[in-house]
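Trainee: I would like to learn how to read a protein model feature by feature, beginning with the overall layout and going on to the details. Could you take me through one?

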Amino acid sequence: MYAEGGIVDLERLALSSGQARALDLDVRLEPIELGGQAYSPAGGGGEARLDVSRTSTGYALRLRFGTELTGPCVRCLEPAGTEIEIDAREVDQPPSRDEELRSPYVSDGNLDVERWANDALVLAFPAQPLCRPGCAGLCAVCGESLNDSDPEAHRHDQGGDPRMAKLRGLKLE
Ligand SMILES: [Zn+2]
Ligand SMILES: [Zn+2]
């Protein structure tokens, strides 16, 4: 195999300049920590497609995979599934001193595809994962999910914090 422990030995593909090779790899994906909560990728990882193209002085790389991460919605704390599609590219041209042309995931012809995959996942993950677009969140007075009840009908005219009632009134206008 060309991949072991999440590392792909690019030299072993023995590509000459202009040649390309597509590899289907299994990558392990780590849960993403956000605000003290964990968002876990389905199955702890899965298959990824790696395209390796040999250029005259190095490699052009493309990594594609999809997964769904599950963790609490930041507004209502219900389980939220966030689907992520990754399509990431890297180039590595070792003779170049230009940082843009060196990949942080390639060293001595070895591509750390697992680290790349996990970094790409973190970059693509939303800062505020939601259970649904525009989740209405929890009522600030009673803590009930406002997704289950009409926020306009959900009021606390008797009891509750009158300042909150006033705020709700403002929002509804
Ligand atoms: Zn929610
Ligand atoms: Zn309420």
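Mentor: What follows is a conversation about the layout, the metal sites, the core, a helix and some backbone angles. Please keep in mind throughout that this is a predicted model.

Trainee: Are Cys 73 and Cys 76 buried or exposed?

Mentor: Relative accessibility answers this, since buried means under 20%. Cys 73 counts as buried because its value is 0%, and Cys 76 also counts as buried, at 6%.

Trainee: What coordinates the zinc ion (ligand 2)?

Mentor: The zinc ion (ligand 2) is held by Cys 139 and Cys 142 through SG atoms, and by His 154 and His 156 through NE2 atoms, at 2.0 to 2.3 Å. This site is tetrahedral, with angles of 104 to 117 degrees among its four donor atoms, and its donor residues are spaced C-x2-C-x11-H-x1-H in sequence. Within this set, Cys 139 and His 156 are 17 residues apart, and each is in the loop between α1 (113–124) and α2 (162–172).

Trainee: What else can be said about His 156, starting with its accessibility?

Mentor: His 156 has a relative accessible area of 17%, so it is buried, and its side chain is joined to that of His 154 by a polar contact of 3.2 Å. Cys 139 counts as buried too, at 6% relative accessibility.

Trainee: Let us turn to the nonpolar residues. How many residues does the largest nonpolar core have?

Mentor: In soluble globular proteins, nonpolar side chains tend to be buried together. In this model the largest nonpolar core has 30 residues, and those with the most contacts inside it are Leu 10, Leu 50 and Leu 111. The elements giving two or more residues to this core are β3 (20–28), β6 (45–54), β7 (59–72), β8 (79–92) and α1. As an example, if its neighbours within four places in sequence are left aside, Leu 10 is in contact with Val 52, Tyr 59, Leu 61, Val 106, Gly 109 and Leu 111.

Trainee: How many residues does α1 have, and what distance does it reach?

Mentor: One can compare the span of a helix with the span expected from its residue count. The 12 residues of α1 reach 16 Å from the first C-alpha to the last, which is close to the 16 Å expected at 1.5 Å a residue. Among the buried residues of α1 are Val 113, Trp 116, Ala 117 and Leu 121. Asp 119, which is also in helix α1, is partly exposed, with a relative accessible area of 30%. The side chain of Asp 119 makes a polar contact of 2.7 Å with the side chain of Tyr 105.

Trainee: Finally, which residues other than glycine have a positive phi, for instance Ala 14 or Leu 77?

Mentor: Most residues other than glycine have a negative phi. Ala 14 has a positive phi of about 50 degrees; this residue is in the loop between β2 (7–9) and β3, and it is exposed, with a relative accessible area of 62%. Leu 77 has a positive phi near 70 degrees, is placed in the loop between β7 and β8, and counts as exposed at 54% relative accessibility.

Terms used: Residues numbered from 1 in each chain as written. Chains lettered and ligands numbered in written order. Predicted model: local features only at pLDDT ≥ 70, side-chain atom pairs only at ≥ 80, totals over all residues. Heavy atoms only, no water. Donors = N, O, S within 2.8 Å, 3.2 Å for Na, K, Ca; no water. Tetrahedral: all angles 85-135°; square planar, octahedral: opposite > 155°, others 65-115°. Helix = DSSP H or I, 4+ residues; strand = E, 2+ residues; numbered from the N terminus. Buried < 20%, exposed > 50% of the residue type's maximum accessible area, 1.4 Å probe, protein only. Polar contact = N/O pair within 3.5 Å; in protein donor to acceptor, adjacent residues only side chain to side chain. Core = buried A, V, L, I, M, F, W, Y, C linked by side-chain atoms within 4.5 Å. Contact = heavy atoms within 4.5 Å. Expected span 1.5 Å × (residues − 1).
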